[in-house]
Amino acid sequence: MAKWVYTFGDGKAEGEAGMRDLLGGKGANLAEMSNLGLPVPPGFTITTEVCTYYYAHGRTYPAELAGQVEEALAYVGRLTGRRFGDPKNPLLVSVRSGARASMPGMMDTVLNLGLNDETVTALAEAAADERFAYDSYRRFITMYSNVVLGIGHHHFEDALEAYKERKGYTLDTDLSADDWKTLIGRYKEIVEKELKRPFPQSPEEQLWGAIGAVFGSWMNARAIKYRELHGIPESWGTAVNVQAMVFGNMGETSATGVAFTRNPSTGEKELYGEFLINAQGEDVVAGIRTPQDITEKARIASGSDKPSMEKAMPEAYAELVRIYGLLERHYRDMQDMEFTVERGKLWMLQTRNGKRTAKAALRIAVDLANEGLISQEEAINRVDPAALDQLLHPTIDPNAERKVLATGLPASPGAASGEIVFSSDEAEAAKKAGRKVILVRVETSPEDIHGMHAAEGILTTRGGMTSHAAVVARGMGKPCVSGAGSLRVDYAKETLSVAGVTLKKGDVITIDGSTGQVLQGQVKMLEPELSGEFATLMGWADQVRKLKVRANADTPLDARTARNFGAEGIGLCRTEHMFFEGDRIVAVREMILADDEAGRRAALQKLLPMQRHDFEELFTIMSGLPVTIRLLDPPLHEFLPHSETEIAEVAKAMNTSPEKLRRRAAELHEFNPMLGFRGCRLAIAYPEIAEMQARAIFEAAVAAQKKTGAAVVPEIMVPLVVTRAEFDLVKERIDAMADAVAKETGTRIAYQTGTMIELPRACLRAHEIAETAEFFSFGTNDLTQTTLGISRDDAATFLGPYTQKGILPSDPFVTIDQEGVGELVRIGVERGRQVRPDIKLGICGEHGGDPASVRFCDEVGLDYVSCSPYRVPIARLAAAQAALGGKVASQA
């Protein structure tokens with residue numbers, strides 16, 4: 001016969017911690033604590049398999065379940081000396097949900113189950129405290145009606161408040177037993193009015209109602225949303241825990257509380273938590289009464305005049321300290337514990353690995369390793385790499401009030417407040433005037449780089465997680481919310497409106513790039529701080545990882561930031577980002593407008609010293625480390641003005657006619673520029689562009705080498721190659737420039753020429769391209785677009801439904817699509833290495849900073865990943881976890 005129910009209590013249990021999948025996290029830990037001989041009120045767990053059965057069989061239970069529950073109740077009754085449903089000596093129970101992963105949003109707890117009009121008098125007699133018994137009964141009616149019967153909590157709160165007002169009471173504790181009796185009558189009337197049937201008096205009916213509510217809550221909207229956000233499969237199901245009641249509300253020698261074995265905000269090793277004398281569990285979390293501190297040290301620090309548990313209940317406190325040490329040593333992690341003291345005796349109701357901030361996770365992992373409880377390798381696996389974002393950017397104070405205007409995509413982490421501006425020029429002007437701004441655009445383009453740089457953060461109404469705004473903001477380490485589609489931007493009126501609220505230029509907003517929220521007004525921030533533990537853990541991670549970690553960096557600031565965060569070189573320098581500043585854009589436009597090669601070369605001659613200076617700075621900052629420079633990639637029309645006003649301004653500045661500008665823009669216009677005249681196609685049509693850039697690179701390398709004394713080995717990357725013939729043509733021009741500079745300077749620079757593999761055909765023909773290419777860098781942003789046929793700038797509108805419906809496991813621009821794009825990368829790696837076994841292989845798409853994608857890169861045997869500077873620590877830690885084969889430890 002199938003076993004659906006597992007009992008625990010009296011120093012033993014039928015389950016243990018390893019049975020988390022079957023018993024849920026709570027049930028497995030209750031069993032484990034029982035086996036450890038800790039004081040746990042006896043009870044039983046109905047397994048997650050019953051939940052699966054329940055949904056597979058039209059919300060019905062296995063035939064044997066009722067009998068097994070009856071036997072388990074009798075077992076608990078024998079241990080407690082009581083009987084469930086006995087009017088004279090009743091066993092009262094709590095009913096709680098418990099999935100294998102901790103899940104807020106599941107069914108709330110029901111306490112005091114088994115109370116009715118008869119058993120309440122027996123409880124009053126046994127406790128010799130009538131007020132306590134009727135207080136417990138009214139709590140049960142409120143909880144059960146809300147959680148199981150679906151009657152709003154406010155009905156009961158309103159009745160209680162009205163009664164207190166009528167009687168002149170302030171606190172719940174002012175009410176006597178007779179007061180509670182009167183209110184219980186009122187509560188029962190509310191239930192009858194709302195449900196058209198009386199409150200259930202049968203303890204058995206109450207129990208099965210609560211069990212059904214737990215299983216029902218597995219499919220409520222909150223739980224479904226939480227599972228979706230945290231990648232928890234629906235098939236896991238939840239368990240139900242039924243446990244004998246212990247009462248924290250039996251007078252001044254009773255209490256209830258929650259404690260962490262270490263501070264969950266800072267990670268400091270100290271008992272941290274709160275308790276309430278003469279209360280039940282929900283009083284602590286409901287905020288009805290102000291909780292008291294557990295330790296005397298915490299009481300003094302908080303300035304509270306209410307006694308700590310250490311002083312008020314010294315024996316129970318000493319037992320809690322003993323148990324906390326034992327549990328932390330046993331589980332080898334920080335524990336989140338719930339407890340009740342009933343007439344001086346401590347009872348443990350729950351323990352689990354405590355949720356913690358990234359700052360605390362780092363400190364706890366390093367401290368536990370230093371204390372010898374875990375190894376350094378385990379410490380590496382204990383910290384979620386993605387959570388490091390919290391440490392590298394300002395975050396919103398968790399206690400701050402949030403007036404949410406809209407929610408978009410969390411495109412770049414961190415938070416920022418500032419005045420609204422609608423153009424990049426305004427952002428730059430405001431920055432010069434010392435004002436902080438948020439740049440608000442429908443979408444951004446490369447022309448907005450200066451405004452994005454000047455702004456505190458960026459907000460767009462269109463675009464996805466890898467849109468231009470998102471990619472550039474992450475590279476700059478600036479917060480960005482993209483794709484906030486409910487917002488309406490009117491450039492002409494300079495307004496931002498949503499749901500009846502209209503904000504003007506100059507109004508202050510706050511964006512939270514970690515959650516995607518757009519908030520009204522200025523919100524309090526917490527500044528980032530990197531602790532000593534951060535450096536320690538990173539040092540341990542660097543010892544075990546195989547993958548090198550480079551950064552995508554286009555400016556000296558990017559390069560310095562990357563180097564400070566431990567980058568081992570530049571994996572992608574996008575030269576076009578250097579073309580949008582000041583005089584450079586004029587020279588670029590002159591080149592585009594030139595009627596012949598001579599005109600283009602004259603304009604490029606103006607750009608040469610600027611590019612040389614840029615590269616020299618990068619080589620100097622990254623002295624001794626590899627620097628990969630991508631030749632010009634975007635279509636030329638991106639450098640031209642578009643609106644009539646801009647065309648007129650540019651024409652005047654360049655001393656040319658607006659008509660010529662308009663005509664050239666029309667000639668360069670493309671229906672699908674992403675697949676158009678860009679990448680190596682520019683270098684083949686206009687080889688003089690590649691020549692100028694190659695010359696700038698070699699001249700800069702010679703100068704940097706003289707300045708630093710360290711050898712400079714540039715890696716020159718040809719973008720968007722589909723055939724070896726294309727690559728060879730461009731490589732020929734690069735080699736010619738290397739020879740020319742060597743002759744002119746008397747210094748020959750060692751260099752490598754390779755390509756960005758970003759089209760499916762290049763992966764398939766990698767064995768041909770590798771005959772002359774010395775390295776491959778997989779550009780997985782474009783490879784994802786061209787493999788899936790999805791534009792990353794337009795995908796936000798439909799990717800949500802695709803991931804929700806399970807068509808795609810996750811946003812393929814955030815986490816690499818291993819089955820499609822990943823398969824092409826594997827093919828490219830295998831075929832490239834067949835021809836050139838020592839070929840250097842890396843990845844420079846946004847996936848380089850995504851932990852799951854880093855793990856994939858480690859599996860396929862790449863040499864390095866490259867990501868935005870602020871994601872370098874994330875990639876370092878993720879690479880170490882990949883090398884250890886460890887999955888991120890969840891603090892659940």
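Author: Helix α14 covers residues 358-370, and because its 13 residues at 1.5 Å a residue should span 18 Å, the 18 Å between its end C-alpha atoms agrees with that expectation, the expected span being 1.5 Å times one less than the number of residues. Helices here are DSSP runs of H or I with at least four residues, strands are runs of E with at least two, and both are numbered from the N terminus. This is a predicted model, in which local features need pLDDT of at least 70 and side-chain atom pairs count only at pLDDT 80 or more, while totals for chains, interfaces and linings use all residues. Residues are numbered from 1 along each chain as its sequence is written, and side-chain values use heavy atoms, with hydrogens and water left out.

α14 is mostly covered, with 10 of its 13 residues buried, where buried means under 20% relative accessible area with a 1.4 Å probe, protein chains only. The buried residues of α14 are Ala358, Ala360, Ala361, Leu362, Ile364, Ala365, Val366, Asp367, Leu368 and Ala369. Their cover includes α13 (314-331), α15 (376-382), α16 (389-392) and α20 (532-544), contact being heavy atoms within 4.5 Å. After α14 comes glycine 372, whose phi is positive, near 85°.

As for the setting, the protein chain holds 35 helices and 32 strands, and of its 892 residues 56% are buried. Among contacts between residues at least 6 apart in sequence, 68% join residues at least 24 apart, and the C-alpha trace spans about 105 × 60 × 55 Å along its principal axes.

Terms used
Buried means under 20% relative accessible area, exposed over 50%, partly exposed in between (1.4 Å probe, protein chains only).
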